[in-house]
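Me: Please take a close look at a single part of this model, the start of the chain, and describe how it is paired and what surrounds it. Keep the answer connected and give the cut-offs for the terms.

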Amino acid sequence: MLVLFETAAGYALFEVLKEGKLREPDELWKDFETPEAAKKTVKLVDFQKFENMSEAVASVSDLLEGKLSKDLKKFLKESFEKIEVSSEKLAVMEPKIGATISKKFGIQVISNETVVELYRGIKQQLDSLITGIKSDDISQMSLGLSHSLSRHKLKFSPDKVDNMIIQAIGLLDDLDKELNTYAMRVKEWYGWHFPEMSKIVVDNLAYAKVIKTMGFRSNAQTTDLSEILPEDLEKELKEAAEISMGSEISREDIDNIIMGCEQVINLTEYRAELYEYLKNRMLAIAPNLTTIVGELVGARLIAHSGSLLNLAKHPASTVQILGAEKALFRALKTKNNTPKYGLIYHASLVGQAAPKNKGKVARLVATKSSLATRFDALSEEKDVQAEMGHSNRKQIEKRIRILEGRNGDSGTKTEKDKGKKQKTDLKLVSTAPTYNPSADVAGSSKSAEYGVAGSSKSAEVSTVGIKRKAEDISAEEESEDATSEEESEEDDKSSDNESSDESSDDKPSDDKSKDKSKKKKAKKQKLEAEQKKEQPPKKIKAKEGKDKDKKEKKKKKASDHTIATSTNVIEPKEKVSKKRKKTEEDEEKETSKSEKKAKKAKKSKESSEEKKEKAEKVKPKEEKDVKKKLDKGKQKEKEKEKEKEKEKEKEKESVKEVKKVEKPKTKKKDKKDKKDKKKAH
């Protein structure tokens, strides 16, 4: 078994002489107590020294990343040429390097607790095992190597490049807070002397510059403020200074106020410089992210996640909520709606969107920004012009336009929108009612000529045709009434004839009278058949007064119809036949409803009777079951009582036996006590 050992001086390969001792790792430390014992357990096979510090740093950094360096590959090749690799085993401290060595050279690699104990023993007795190297030299080498390795990490670490951005955005936020406090203090302080100025000059920087140049408000007329303020504001300020209600202040007070103003001016200038530095830095490190989100929001996202690489590891859903963790956990705890956006809310694209679409836009911006950060952090070739970022930004802007009702290309409409409009148009158009000529009793040909409401050419019918149509309708109604009157008269005549026939039967009748009656009956049947063809069956009116009222109503309706049709819109009048049909349908519906109710009542009665029968059948069965259960319960209680009585009898017997045994013992004790008393006397 072979052991690969790494030191600050170089690589060493040892051979284990007593492999049987490795089975007990807890007692392995005894074999490395003395240098002589260590030489018996382990033997040095090969050693390769580092030529310089840079080579040592490179090889150690590769080992930390789990890679095989060129020096280690050469060393293992040369050492394995002398030994049969298939039969041997190699002990390695780190499992990652062991896996790469086994793939490369095909040797069995071990890394477990016994290997750790072996390493401890070899490190303890390293002076005696490797000749020509002292322990002091190795400690100095390890110290130098650790220093150089830490310097190398700080220089070439990709994670630490964005550290400047994190510091810059932190300082920018602090400066904003301090500027606000300074400006508020200056405004409040100078407000005692010139309170009207705070309403005229709103900007903090302009306010500070005006105080610095002007000093007292009495100097407002003589000082030139054209470089700081526009003409309108300057004029207004000078007018307000003359009529100011402020109190007088001393020279010391104004000097201290001017010092505060200088601080505000210096801080604003430094903030502008810092913002420019941050902008340039963000364009250099994350150009695609800055184009989508902006410099400040991008820098805040990087600072919140820790580094650009950490931000690239986050999914889009977490990027969307970064900065709103407190609200998220509160929502999860209270089982309310989770927040839709965090720091990404301050991005310009999210601000453009309408309030109802801000959640959707924030999600879209988060997905595109996460893609951009991955491209910026992990791509080998840096996209300085940020082509990916610009293309993603255009897609987001197009999506915002679609969400707000405007299409991506100005003026043109998408196929989806066209389809939607067509659907809505189809919904608006109602189905046109068709004209039914069979419903008319008389004048059907005329109605077809002039056109009826609901036909395709109803809008183009002239007013003359409409008037004719109204006249035809009134004529039809009058003819209907006349036919009904004729029917009633004929019925009366027929009844008179029938009575005369009955009287003639008593007298001797001729053949001629019989023939006449037959002819009259035939005529009657023909008239009835013709009336049925012309119009549907109609009920005979009993009273003539009602007929007259109905005629007047119909005439009024005809006149109303002519007035309505003057606006080129024909409203179809319902015919008598349709009314009859409706009345018949209503009667049928009422009869059907009554039949349904009767059926339901029968069913409910039958169901109630069936339930009663079932209950009567079930009752005797349930009574029997209840009786059986009660009998069983009584039997069990009786058995329990018998068992208790038996137990009580047994206890009494046992107590009697105990008393019998105890009585002779007590008698013997009493006798002994008496004898002892006598002896004592």
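Reply: Leucine 2 has glutamate 15 as its bridge partner in strand E2. The model is predicted, so local features need pLDDT of at least 70 and side-chain atom pairs count only at pLDDT 80 or more, while totals for chains, interfaces and linings use all residues. Residues are numbered from 1 along each chain as its sequence is written, and side-chain values use heavy atoms, without hydrogens or water.

Strand E1 covers 2-6 and strand E2 covers 10-16; strands (E, at least two residues) and helices (H or I, at least four) are DSSP runs, numbered from the N terminus. E1 and E2 run antiparallel and are joined by 5 bridges, where pairing requires at least two DSSP bridges between two strands. The two make a hairpin, with 3 residues between them. E1 also pairs with strand E4 (residues 89-91), here in parallel and through 2 bridges. Leucine 2 takes part in this pairing too, with leucine 90 as its partner in E4.

Of the 5 residues of E1, 4 are buried (under 20% relative accessible area; exposed is over 50%, partly exposed in between; 1.4 Å probe, protein chains only). E1 is therefore largely enclosed by the rest of the structure.

The second largest pocket has a volume of about 650 Å³. A pocket is an open set of points on a 1 Å grid where a 1.4 Å probe fits, with protein on both sides within 12 Å along at least five of seven lines; lining residues have an atom within 4 Å of a point. The volume is the space filled by probe spheres set on the points. This pocket has 26 lining residues, and those closest to its centre are Phe5, Glu6, Thr7, Ala8 and Lys123. Elements that give two or more residues to the lining include E1, E2 and helix H5 (113-124). By class, the lining has 14 nonpolar, 7 polar and 5 charged residues.

Helix H5 also holds arginine 120 and glutamate 117, 3 residues apart, about one turn of the helix. They form a salt bridge, with the closest N and O atoms 3.1 Å apart; the rule asks for a side-chain nitrogen of Lys or Arg within 4 Å of a carboxyl oxygen of Asp or Glu. Arginine 120 is exposed, at 54% relative accessible area, whereas glutamate 117 is partly exposed, at 23%. The count of salt bridges by this rule is 8.

Terms used: Nonpolar A, V, L, I, M, F, W, Y, C, P; charged D, E, K, R; others polar.
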